[in-house]
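Visitor: Before we go through the assignments, I would like each label set against its criterion. Please show me the model.

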Amino acid sequence: LDAMDPQTETEPQDIHDSNEERELTIVPVHSFDSPKTSDSSTPTSSSATTPPSRPKTLPHPLLNMPYSNVGPTVKLYNLDTIHTYGRKDVQLEKDTSVSARLSRMKEKYEKEGLLRRTVEAVLLVHQHYHPHVLLLQIGNSFFKLPGGRLQPGEGEIEGMGRKLANKLAPTSSHHHDWEIGELLCVWWRPNFETLQYPYIPPHITKPKECKKLFLVPLPEKCIFAVPKNYKLLAVPLFELYDNAHWYGPIISNIPQMLGRFNFVYL
C-alpha cells in the first residue's frame, strides 16, 4: 500500500466505496476532484474527437539534444493516445485497513513460510513534453501502481502480465502483449510493519516481502478499462517528486528512478 506518510502507511479512505458510477478517465493530477470529461486531455470512451495537432519540433532545444551519459532511451507517447473503453466489475481490496493487511500477511507467512513477492508496473505517457505516471486511485486518497502479489512459483514477467490484464485490459478475451522493460528498483519489507526500504537492513536475515518495480513501455495506441471503483490518473513527475506524504515513499521516488533514462517525446 503506497498511500502513506514519509515513514508509515496510512489507512486508505473509502476504499470500499464502490457503488457509485464513475467515468473512466485519465486526468492530470490537478483534476482529481473534478475531472473534466469533455477536456481534450481527458480521453474517454464517449469522447472520440481528434486531439489537436502537436508541433513536430519540441519547444525547447535541450529536449532534442542527445545525451551520451544518459542510459536507455524510452519513447513516450502523448496522453491523447490513451483511451479508456467500458467498465469492469468492482474489484474490492482484500483488506479495509493497513493493519488488517499486515495481519493477513503475517498469518499467511506463518502458515506457508514463503517470502511475499510483489511486482508493480511504471507506465509512462507525456503531456506538454513532461512525463506522467499512470496510477490507480481508490477512494479519495489511496493511490497505487498497477500490479500485485505473485503466486508461488510464478515468474515475474508472467505475473506482471496477468496483473496488468486483470486491472487494465478491457475484457478477459482482450489480448495485449505487455512489454516488460527494465527493473527500476527493489524494495524490501523487513517485518510485518509499514516500513519498506530499497535495501535489506544488515540485521535482517528473513525479509517478509520483496517488491519489484518494472518499467513497462506503452505502445502508440492504448485501450484500457479499469474496475468501477478505480480511477485511472496520469500524474506528472513534478507532482510525485518529494511528495511522500501524499503518495508514499515508493511512488514519490519514481522521478529519481527515471533520472537515468533518455525520453523521446512522440
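Visitor: How do you know that Cys-210 is too far from the closest cysteine sulfur for a bond?

Guide: A disulfide is a pair of cysteine sulfur atoms within 2.5 Å. The sulfur of Cys-210 is 10.0 Å from the closest cysteine sulfur, in Cys-185, so the distance is too far for a bond. By this rule the count is zero disulfides. This is a predicted model, in which local features need pLDDT of at least 70 and side-chain atom pairs count only at pLDDT 80 or more, while totals for chains, interfaces and linings use all residues. Residues are numbered from 1 along each chain as its sequence is written, and side-chain values use heavy atoms, with hydrogens and water left out.

Visitor: Why is Cys-210 called buried?

Guide: Buried means under 20% relative accessible area, exposed over 50%, and partly exposed in between (1.4 Å probe, protein chains only). Cys-210 has a relative accessible area of 9%, so it is buried. Cys-185, with 16%, is therefore buried as well.

Visitor: Where do Cys-210 and Cys-185 stand in the strand pairing?

Guide: Helices (H or I, at least four residues) and strands (E, at least two) are DSSP runs, numbered from the N terminus. Arg-117 stands opposite Cys-210 in S10, and Cys-185 stands opposite Leu-213 in S10.

Visitor: What makes S4 and S9 partners of S10?

Guide: Two strands pair if DSSP finds at least two bridges between them. Strand S4 (residues 116–122) and S10 have seven bridges in the parallel sense. Strand S9 (residues 183–189) is joined to S10 by six bridges, and these two run antiparallel. Both pairs therefore meet the criterion.

Visitor: Why is S10 described as largely enclosed by the rest of the structure?

Guide: Six of the seven residues of S10 are buried, so the description follows from that count.

Visitor: What makes Glu-156 and Lys-212 a salt bridge?

Guide: A salt bridge is a side-chain nitrogen of Lys or Arg within 4 Å of a carboxyl oxygen of Asp or Glu. For Glu-156 and Lys-212 the N to O distance is 2.7 Å, so the pair qualifies. Glu-156 lies in helix H3 and Lys-212 in strand S10 (residues 209–215), so the bridge ties together parts that are 56 residues apart in sequence. With a relative accessible area of 26%, Glu-156 is partly exposed.

Visitor: How many salt bridges does the structure hold?

Guide: The structure holds 10. One of them joins Lys-144 to Glu-93, with the closest N and O atoms 3.0 Å apart. Lys-144 is in strand S7 (residues 142–144) and Glu-93 in the loop between strand S3 (82–84) and helix H2 (98–112), so this pair ties together parts that are 51 residues apart in sequence. Both Lys-144 and Glu-93 are buried.

Visitor: Why do Glu-112 and Lys-108 count as partly exposed?

Guide: Glu-112 has 39% relative accessibility and Lys-108 has 31%, so each falls in the partly exposed range. Their side chains meet in a salt bridge at 3.3 Å, N to O. Both lie in helix H2, four residues apart, about one turn of the helix.

Visitor: What puts the buried residues of H3 on the same side?

Guide: In H3, Gly-159, Met-160, Lys-163, Leu-164, Lys-167 and Leu-168 are buried. They cover an arc of only 135° around the axis, which puts them on the same side of H3. The arc is that of the directions from the helix axis to the C-beta atoms.
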